[in-house]
Amino acid sequence: MRKPVVIMGIYVADLAFLADRMPVMGETILGNFRSGPGGKGSNQSVAAARAGAEVSFITCIGRDSFGEAARKTWSGVDIDQSFITESESPTGGAFIFVQNGTGNNAIIVAPGAANDLTIQDIDKAEIRLRQAAIFMTQLETPVPLALHALKLARKHKVTTILNPAPAVPVPEEIYPLVDFLTPNETEASALSGVEVVDVESAGKAADRLLAKGIGAALITLGEKGAFYKDKQQAQLIPSFKAGPVVDTTGAGDAFNGGFACALAEGKSPLEAARFGCATGSLSVTRVGTAPAMPTRAEIDHLLLS
(Lines give C-alpha, C1' and ligand atoms only; values in the text may rest on other atoms or scores of the structure.)
Protein backbone atom coordinates (compact mmCIF):
# COMPACT_ATOMS: atom_id res chain seq x y z
CA MET A 1 0.00 0.00 0.00
CA ARG A 2 1.40 3.38 -1.00
CA LYS A 3 1.78 6.03 1.67
CA PRO A 4 0.59 9.45 0.56
CA VAL A 5 2.51 12.63 -0.02
CA VAL A 6 0.79 15.62 1.60
CA ILE A 7 1.67 19.05 0.19
CA MET A 8 0.60 22.46 1.44
CA GLY A 9 1.00 25.56 -0.70
CA ILE A 10 -0.74 27.89 -3.08
CA TYR A 11 -2.48 27.75 -6.42
CA VAL A 12 -2.31 30.78 -8.70
CA ALA A 13 -3.01 31.36 -12.37
CA ASP A 14 0.27 31.76 -14.24
CA LEU A 15 0.21 34.73 -16.63
CA ALA A 16 3.39 34.37 -18.66
CA PHE A 17 4.90 36.93 -21.01
CA LEU A 18 7.65 35.85 -23.41
CA ALA A 19 10.09 38.42 -24.81
CA ASP A 20 13.79 38.95 -25.50
CA ARG A 21 14.19 41.10 -22.39
CA MET A 22 12.30 42.84 -19.62
CA PRO A 23 11.11 46.36 -20.47
CA VAL A 24 12.60 49.23 -18.51
CA MET A 25 10.27 51.45 -16.49
CA GLY A 26 7.99 53.44 -18.80
CA GLU A 27 8.79 51.30 -21.86
CA THR A 28 6.48 49.04 -23.86
CA ILE A 29 7.84 46.12 -25.87
CA LEU A 30 6.15 43.40 -27.92
CA GLY A 31 6.07 39.77 -26.85
CA ASN A 32 3.93 36.65 -26.63
CA PHE A 33 1.51 35.54 -23.92
CA ARG A 34 0.21 32.31 -22.41
CA SER A 35 -1.64 31.37 -19.25
CA GLY A 36 -2.09 28.21 -17.21
CA PRO A 37 -2.13 26.65 -13.74
CA GLY A 38 0.65 27.60 -11.32
CA GLY A 39 1.70 28.17 -7.72
CA LYS A 40 4.57 26.22 -6.17
CA GLY A 41 2.44 23.97 -3.99
CA SER A 42 0.09 23.12 -6.82
CA ASN A 43 2.93 22.59 -9.31
CA GLN A 44 4.75 20.31 -6.87
CA SER A 45 1.54 18.35 -6.29
CA VAL A 46 1.05 17.85 -10.02
CA ALA A 47 4.71 16.85 -10.45
CA ALA A 48 4.52 14.30 -7.63
CA ALA A 49 1.22 12.87 -8.87
CA ARG A 50 2.42 12.50 -12.46
CA ALA A 51 5.59 10.86 -11.14
CA GLY A 52 3.45 8.22 -9.42
CA ALA A 53 2.73 9.49 -5.91
CA GLU A 54 -0.61 9.47 -4.13
CA VAL A 55 -1.01 13.20 -3.37
CA SER A 56 -3.23 15.25 -1.07
CA PHE A 57 -3.03 19.02 -1.42
CA ILE A 58 -3.86 21.63 1.23
CA THR A 59 -4.71 25.14 0.01
CA CYS A 60 -7.43 27.78 -0.32
CA ILE A 61 -8.82 29.06 -3.61
CA GLY A 62 -11.48 31.57 -4.62
CA ARG A 63 -14.93 30.84 -6.00
CA ASP A 64 -14.04 32.07 -9.47
CA SER A 65 -12.90 30.90 -12.89
CA PHE A 66 -9.28 30.55 -11.73
CA GLY A 67 -10.48 28.34 -8.88
CA GLU A 68 -12.47 26.22 -11.31
CA ALA A 69 -9.34 25.83 -13.45
CA ALA A 70 -7.43 24.72 -10.35
CA ARG A 71 -9.89 21.94 -9.58
CA LYS A 72 -9.83 20.78 -13.20
CA THR A 73 -6.01 20.63 -13.06
CA TRP A 74 -6.03 18.54 -9.89
CA SER A 75 -8.80 16.24 -11.10
CA GLY A 76 -6.78 15.54 -14.23
CA VAL A 77 -3.99 13.90 -12.21
CA ASP A 78 -6.12 12.42 -9.38
CA ILE A 79 -4.91 14.76 -6.62
CA ASP A 80 -7.00 14.41 -3.46
CA GLN A 81 -8.97 17.65 -2.97
CA SER A 82 -10.50 16.80 0.42
CA PHE A 83 -8.54 19.58 2.11
CA ILE A 84 -9.06 22.35 -0.45
CA THR A 85 -11.00 25.22 1.12
CA GLU A 86 -12.66 28.17 -0.61
CA SER A 87 -12.97 31.84 0.31
CA GLU A 88 -14.58 34.98 -1.05
CA SER A 89 -11.16 36.37 -2.00
CA PRO A 90 -10.11 35.98 -5.63
CA THR A 91 -7.75 33.19 -6.58
CA GLY A 92 -4.24 34.59 -6.95
CA GLY A 93 -2.08 35.12 -10.00
CA ALA A 94 1.57 35.20 -11.00
CA PHE A 95 3.31 37.48 -13.48
CA ILE A 96 6.02 35.46 -15.21
CA PHE A 97 8.59 36.90 -17.59
CA VAL A 98 10.24 34.22 -19.74
CA GLN A 99 13.27 35.23 -21.80
CA ASN A 100 13.27 34.02 -25.39
CA GLY A 101 16.20 31.78 -26.24
CA THR A 102 17.32 30.98 -22.67
CA GLY A 103 14.03 30.08 -21.00
CA ASN A 104 15.16 32.00 -17.89
CA ASN A 105 12.41 33.64 -15.87
CA ALA A 106 11.46 36.28 -13.32
CA ILE A 107 8.25 36.01 -11.28
CA ILE A 108 5.92 38.14 -9.14
CA VAL A 109 3.34 36.15 -7.15
CA ALA A 110 0.11 37.46 -5.61
CA PRO A 111 -1.28 34.54 -3.50
CA GLY A 112 -4.83 35.92 -3.30
CA ALA A 113 -7.25 33.47 -1.67
CA ALA A 114 -4.36 31.22 -0.57
CA ASN A 115 -3.63 33.80 2.13
CA ASP A 116 -7.02 32.95 3.65
CA LEU A 117 -5.87 29.44 4.59
CA THR A 118 -6.01 29.03 8.39
CA ILE A 119 -4.43 26.89 11.07
CA GLN A 120 -7.86 25.32 11.58
CA ASP A 121 -7.86 24.28 7.91
CA ILE A 122 -4.49 22.61 8.41
CA ASP A 123 -5.69 20.82 11.54
CA LYS A 124 -8.57 19.32 9.54
CA ALA A 125 -5.95 17.63 7.34
CA GLU A 126 -4.27 15.94 10.33
CA ILE A 127 -6.25 12.77 9.65
CA ARG A 128 -4.46 12.50 6.29
CA LEU A 129 -1.14 13.81 7.51
CA ARG A 130 -0.76 11.08 10.12
CA GLN A 131 -0.98 8.50 7.31
CA ALA A 132 1.59 10.22 5.10
CA ALA A 133 5.13 9.26 4.19
CA ILE A 134 6.08 12.84 3.25
CA PHE A 135 4.90 16.33 4.09
CA MET A 136 6.17 19.19 1.91
CA THR A 137 5.53 22.91 1.97
CA GLN A 138 7.03 26.18 0.74
CA LEU A 139 7.02 29.81 1.89
CA GLU A 140 4.39 31.23 -0.47
CA THR A 141 1.87 30.67 2.33
CA PRO A 142 2.31 32.73 5.53
CA VAL A 143 5.28 31.49 7.59
CA PRO A 144 3.18 30.79 10.73
CA LEU A 145 1.12 28.30 8.71
CA ALA A 146 4.24 26.55 7.42
CA LEU A 147 5.61 26.37 10.97
CA HIS A 148 2.35 24.94 12.32
CA ALA A 149 2.10 22.32 9.56
CA LEU A 150 5.71 21.23 10.03
CA LYS A 151 5.10 20.82 13.78
CA LEU A 152 2.04 18.71 13.02
CA ALA A 153 4.02 16.53 10.62
CA ARG A 154 6.81 16.12 13.17
CA LYS A 155 4.21 15.09 15.79
CA HIS A 156 3.29 12.15 13.57
CA LYS A 157 6.91 11.35 12.64
CA VAL A 158 6.31 12.22 8.98
CA THR A 159 9.39 13.05 6.88
CA THR A 160 9.37 16.78 6.11
CA ILE A 161 10.55 18.80 3.11
CA LEU A 162 10.68 22.60 3.14
CA ASN A 163 11.21 24.34 -0.17
CA PRO A 164 12.10 27.83 1.16
CA ALA A 165 10.73 29.79 -1.76
CA PRO A 166 10.56 32.70 -1.71
CA ALA A 167 13.43 33.18 0.75
CA VAL A 168 11.54 35.20 3.34
CA PRO A 169 12.78 35.51 6.95
CA VAL A 170 11.80 32.50 9.07
CA PRO A 171 12.07 31.84 12.82
CA GLU A 172 15.04 29.74 13.87
CA GLU A 173 12.66 27.17 15.40
CA ILE A 174 11.56 26.11 11.93
CA TYR A 175 14.91 24.53 10.95
CA PRO A 176 14.91 21.57 13.39
CA LEU A 177 11.49 20.61 12.02
CA VAL A 178 12.91 20.15 8.51
CA ASP A 179 14.37 16.83 7.34
CA PHE A 180 15.21 18.12 3.85
CA LEU A 181 15.66 21.80 2.96
CA THR A 182 15.55 22.36 -0.82
CA PRO A 183 16.56 25.93 -1.75
CA ASN A 184 17.92 27.12 -5.07
CA GLU A 185 21.15 29.16 -5.20
CA THR A 186 19.42 32.47 -4.46
CA GLU A 187 17.43 31.08 -1.54
CA ALA A 188 20.41 29.19 -0.10
CA SER A 189 22.45 32.41 -0.24
CA ALA A 190 19.75 34.40 1.55
CA LEU A 191 19.20 31.82 4.29
CA SER A 192 22.84 30.91 4.93
CA GLY A 193 24.63 34.22 4.36
CA VAL A 194 27.00 32.46 1.92
CA GLU A 195 26.79 33.51 -1.73
CA VAL A 196 26.20 30.31 -3.69
CA VAL A 197 27.86 30.43 -7.11
CA ASP A 198 29.33 26.92 -7.45
CA VAL A 199 29.56 23.53 -5.77
CA GLU A 200 32.19 24.66 -3.26
CA SER A 201 30.11 27.60 -2.04
CA ALA A 202 27.02 25.37 -1.99
CA GLY A 203 28.89 23.11 0.43
CA LYS A 204 29.68 26.04 2.70
CA ALA A 205 26.06 27.21 2.60
CA ALA A 206 24.89 23.68 3.39
CA ASP A 207 27.16 23.60 6.45
CA ARG A 208 25.57 26.82 7.73
CA LEU A 209 22.10 25.39 7.18
CA LEU A 210 22.95 22.08 8.84
CA ALA A 211 24.18 24.02 11.86
CA LYS A 212 20.69 25.54 12.14
CA GLY A 213 19.27 22.07 12.76
CA ILE A 214 18.00 20.72 9.42
CA GLY A 215 18.52 17.06 8.58
CA ALA A 216 19.95 17.63 5.10
CA ALA A 217 20.43 20.41 2.56
CA LEU A 218 19.60 19.81 -1.08
CA ILE A 219 20.55 22.92 -3.06
CA THR A 220 19.39 23.03 -6.67
CA LEU A 221 22.02 24.51 -9.00
CA GLY A 222 20.17 24.86 -12.29
CA GLU A 223 21.84 23.10 -15.19
CA LYS A 224 24.59 21.79 -12.87
CA GLY A 225 22.10 19.61 -10.99
CA ALA A 226 21.63 19.51 -7.22
CA PHE A 227 24.08 19.44 -4.31
CA TYR A 228 23.19 17.16 -1.39
CA LYS A 229 24.77 17.30 2.05
CA ASP A 230 23.90 15.81 5.41
CA LYS A 231 26.07 15.03 8.43
CA GLN A 232 27.52 11.91 6.80
CA GLN A 233 27.87 12.63 3.09
CA ALA A 234 28.06 15.28 0.40
CA GLN A 235 27.49 14.77 -3.32
CA LEU A 236 26.64 16.64 -6.51
CA ILE A 237 23.84 14.96 -8.45
CA PRO A 238 24.19 16.06 -12.09
CA SER A 239 21.25 17.16 -14.21
CA PHE A 240 20.24 15.14 -17.26
CA LYS A 241 20.38 15.92 -20.98
CA ALA A 242 16.70 15.66 -21.84
CA GLY A 243 16.56 18.02 -24.83
CA PRO A 244 16.76 21.74 -25.61
CA VAL A 245 15.82 24.06 -22.75
CA VAL A 246 12.60 25.91 -23.59
CA ASP A 247 11.27 27.24 -20.27
CA THR A 248 12.85 26.94 -16.81
CA THR A 249 9.69 28.11 -15.00
CA GLY A 250 8.61 25.36 -12.61
CA ALA A 251 11.85 23.37 -12.84
CA GLY A 252 12.36 23.60 -9.08
CA ASP A 253 8.78 22.49 -8.49
CA ALA A 254 9.31 19.52 -10.79
CA PHE A 255 12.46 18.62 -8.86
CA ASN A 256 10.72 18.86 -5.50
CA GLY A 257 7.68 16.89 -6.63
CA GLY A 258 9.86 14.13 -8.06
CA PHE A 259 12.06 14.09 -4.96
CA ALA A 260 9.04 13.77 -2.65
CA CYS A 261 7.56 10.99 -4.77
CA ALA A 262 10.78 8.98 -4.72
CA LEU A 263 11.27 9.42 -0.97
CA ALA A 264 7.70 8.22 -0.38
CA GLU A 265 8.54 5.07 -2.34
CA GLY A 266 11.43 4.33 0.02
CA LYS A 267 14.32 5.45 -2.18
CA SER A 268 17.43 6.77 -0.44
CA PRO A 269 17.89 10.56 -0.36
CA LEU A 270 20.55 10.40 -3.08
CA GLU A 271 18.42 8.13 -5.27
CA ALA A 272 15.45 10.42 -4.70
CA ALA A 273 17.54 13.48 -5.59
CA ARG A 274 18.58 11.80 -8.84
CA PHE A 275 14.91 11.06 -9.56
CA GLY A 276 14.14 14.71 -8.84
CA CYS A 277 16.89 15.88 -11.21
CA ALA A 278 15.45 13.71 -13.99
CA THR A 279 11.98 15.16 -13.35
CA GLY A 280 13.28 18.73 -13.44
CA SER A 281 15.45 18.11 -16.52
CA LEU A 282 12.42 16.91 -18.47
CA SER A 283 10.21 19.79 -17.35
CA VAL A 284 12.45 22.51 -18.83
CA THR A 285 12.12 21.02 -22.32
CA ARG A 286 8.44 22.07 -22.38
CA VAL A 287 6.48 25.29 -22.05
CA GLY A 288 4.69 26.10 -18.81
CA THR A 289 4.71 24.84 -15.24
CA ALA A 290 2.11 22.21 -14.28
CA PRO A 291 1.52 21.21 -17.94
CA ALA A 292 5.26 20.59 -18.33
CA MET A 293 5.52 17.98 -15.56
CA PRO A 294 6.67 14.61 -16.95
CA THR A 295 5.01 11.22 -16.52
CA ARG A 296 6.54 8.35 -14.57
CA ALA A 297 7.31 6.49 -17.79
CA GLU A 298 9.24 9.48 -19.12
CA ILE A 299 11.23 9.84 -15.90
CA ASP A 300 12.08 6.13 -15.74
CA HIS A 301 13.17 6.17 -19.39
CA LEU A 302 15.50 9.13 -18.79
CA LEU A 303 16.98 7.49 -15.68
CA LEU A 304 17.88 4.44 -17.75
CA SER A 305 19.37 6.42 -20.65
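The structure holds 0 disulfides, a disulfide being a pair of cysteine sulfur atoms within 2.5 Å. This is a predicted model, in which local features need pLDDT of at least 70 and side-chain atom pairs count only at pLDDT 80 or more, while totals for chains, interfaces and linings use all residues. Residues are numbered from 1 along each chain as its sequence is written, and side-chain values use heavy atoms, with hydrogens and water left out.

**Cysteines**
- The sulfur of Cys261 has its closest cysteine sulfur in Cys277, and because 15 Å lies between them they are too far apart for a bond.
- Cys261 is buried at a relative accessible area of 0%, and Cys277 also counts as buried at 6%, where buried means under 20% relative accessible area (1.4 Å probe, protein chains only).

- Strand S4 (residues 55-62) runs parallel to S5 and is joined to S5 by 4 bridges, with Thr59 standing opposite Ile84 in S5.

**Helix H5**
- Helix H5 (residues 143-155), helices being DSSP runs of H or I with at least four residues, has 13 residues and reaches 18 Å from its first C-alpha to its last, close to the 18 Å expected at 1.5 Å a residue; the expected span is 1.5 Å times one less than the number of residues.
- The buried residues of H5, among them Val143, Leu147 and Leu150, pack against strand S1 (5-8), helix H3 (119-124), helix H4 (126-129), strand S8 (134-138) and strand S9 (159-163), contact meaning heavy atoms within 4.5 Å.
- Just after H5, Lys157 takes a positive phi of about 55°.

**Aromatic pairs**
- The whole structure contains 6 aromatic pairs, counted where ring centres of Phe, Tyr and Trp (its six-membered ring) lie within 6.5 Å, with planes under 30 degrees apart called stacked, over 60 edge-to-face and the rest tilted.
- The rings of Tyr11 and Trp74 are edge-to-face, because their planes stand at 85°, with centres 5.7 Å apart.
- Tyr11 and Trp74 are both buried, and together with Phe57 they form one aromatic cluster.
- Phe255 and Phe259 both lie in helix H8 (residues 251-264), 4 residues apart, about one turn of the helix.

Terms used: Two strands pair if DSSP finds at least two bridges between them. Helices (H or I, at least four residues) and strands (E, at least two) are DSSP runs, numbered from the N terminus. Buried means under 20% relative accessible area, exposed over 50%, partly exposed in between (1.4 Å probe, protein chains only).
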